Amino acid sequence: MVLNILEKAKRKENLCVEEIEALLTISDPDELQALYDAAYYIKEQYVGKIAYFRGLIECSNLCMKDCYYCGIRKSNKNVERFLMDEEEIFKEALWAYEAEYGSCVIQSGERQDTAYIEMIERVVKRIHEASNRELGITLSLGEQTEEVYRRWRKAGASRYLLRIETTNPELYARIHPEDHSMETRKECLAALRRTGYQVGTGVMMGLPGQTMRDLANDILFLKEIDIDMVGMGPYIPHSDTPMGEEVPPYTDEQKKDALTLGLKMIAVTRIVLKDINIAAATALQALEYTGREQGLKCGANVIMPNVTETEFRPKYQLYDNKPCTDENSSMCRGCLSGRISGIGEEVGFNERGDSPHFHKR
Ligand code: SAM
Ligand code: SF4
């Protein structure tokens, strides 16, 4: 049955929710390999064997939200809060540009105050101009008004990542406080589309109580809203969060299962959505050292090496044992490039690597 579904996907026929769920439920090693091979075949056809680097700048852990899973939620008193100044963000983005990364991602906790909005606007403009408009600028700064999205777009940002986290309303309500709303998130995604961004979203996999049917519906949601990029990753507990207190740290067996589920989601998303950009999340590497390269072999085509100054990294702990927190940016560039050639792929240095799907629209 699995092989029939994969053949159907290769013939470009649409898959229904039951078929997607069947692919996500595979456990037989041969069938799993057939799934990964089919996803890689589709990746080669639609986006090629090039891994694009996005230099990730985690510019502040100040957050007005309190998501139950996240280590930098506002109620976590064990976090030493930081906010990079404009100069520091600019310097790190320019480092990414000079290291020939085609783009950077500016990410932080959510803030909606005027001072922050204006600072981001200024720094995006500076990066855009200093890189001769060459460096792609992605923002991942949470929910904002359409007006703010428009201002940042005008300043030079061209992509935005805002995960829906899960499309199951009950699960969404269980992992967020009452004042967080899935409807607002969907409206934000629609506003990002209207303001001309390449829009990225995604989910966390392995949330307590999440089913394979939920994840299959998540993939269909990505297709339904016609997304350009996907950034999704395994949920990993953080001990200082309400969810982390209930979920003990993963055993080696659980890490292995979480990695497999992450890889299956990447593969099935590639099979269903085909010509979009898919990131191999850092969280995959927290589960196994080569997790991100395995993500590339299963259909991902984007990696986000951390270019944040080493001193800030330990303060941006979304989950326990986040990798690379004691490395500097050059080490990340060096070790990743070597590992990518090791799997027979090229790094798209100096290329923005826009979503082919976005340009076809
Ligand atoms: N504040 C912005 C937002 O929420 O969109 C951007 C930064 S937030 C830290 C980026 C992503 O981190 C979230 O979308 C969430 O999926 C992920 N994240 C947070 N806690 C996590 C955890 N414990 N395990 C895995 N991913 C996590
Ligand atoms: Fe804040 Fe984003 Fe973490 Fe939620 S996931 S607490 S919005 S940083």
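This is a predicted model: local features need pLDDT of at least 70, side-chain atom pairs count only at pLDDT 80 or more; totals for chains, interfaces and linings use all residues.
## Basis of the model

Local features require pLDDT of at least 70, side-chain atom pairs count only at pLDDT 80 or more, and totals for chains, interfaces and linings use all residues. Residues are numbered from 1 along each chain as its sequence is written, while chains are lettered from A and ligands numbered from 1 in the order in which they are written.

## Ligand surroundings

A residue counts as surrounding a ligand if its C-beta atom, placed from the backbone, lies within 6 Å of it. Ligand 1 is surrounded by 18 residues, and the closest are Cys 70, Gly 142, Arg 163, Leu 318 and Tyr 319.

The shell around ligand 2 includes Cys 63, Cys 67, Cys 70 and Gly 142.

## Annotated domain

The unreviewed UniProt entry annotates residues 49–275 as "domain: Radical SAM core"; such annotations may be inferred rather than shown by experiment.

## Nonpolar core

A nonpolar core is a set of buried Ala, Val, Leu, Ile, Met, Phe, Trp, Tyr and Cys residues joined through C-beta atoms within 7 Å. Buried means that 20 or more other C-beta atoms lie within 10 Å of a residue's own, exposed 12 or fewer, and partly exposed in between, with C-beta atoms placed from the backbone. The largest such core has 102 residues, and Leu 192 is among those that touch the most other members.

## His 128

His 128 is partly exposed because 19 other C-beta atoms lie within 10 Å. Its C-alpha atom is separated by 9.9 Å from that of Leu 94, 34 residues apart along the chain.
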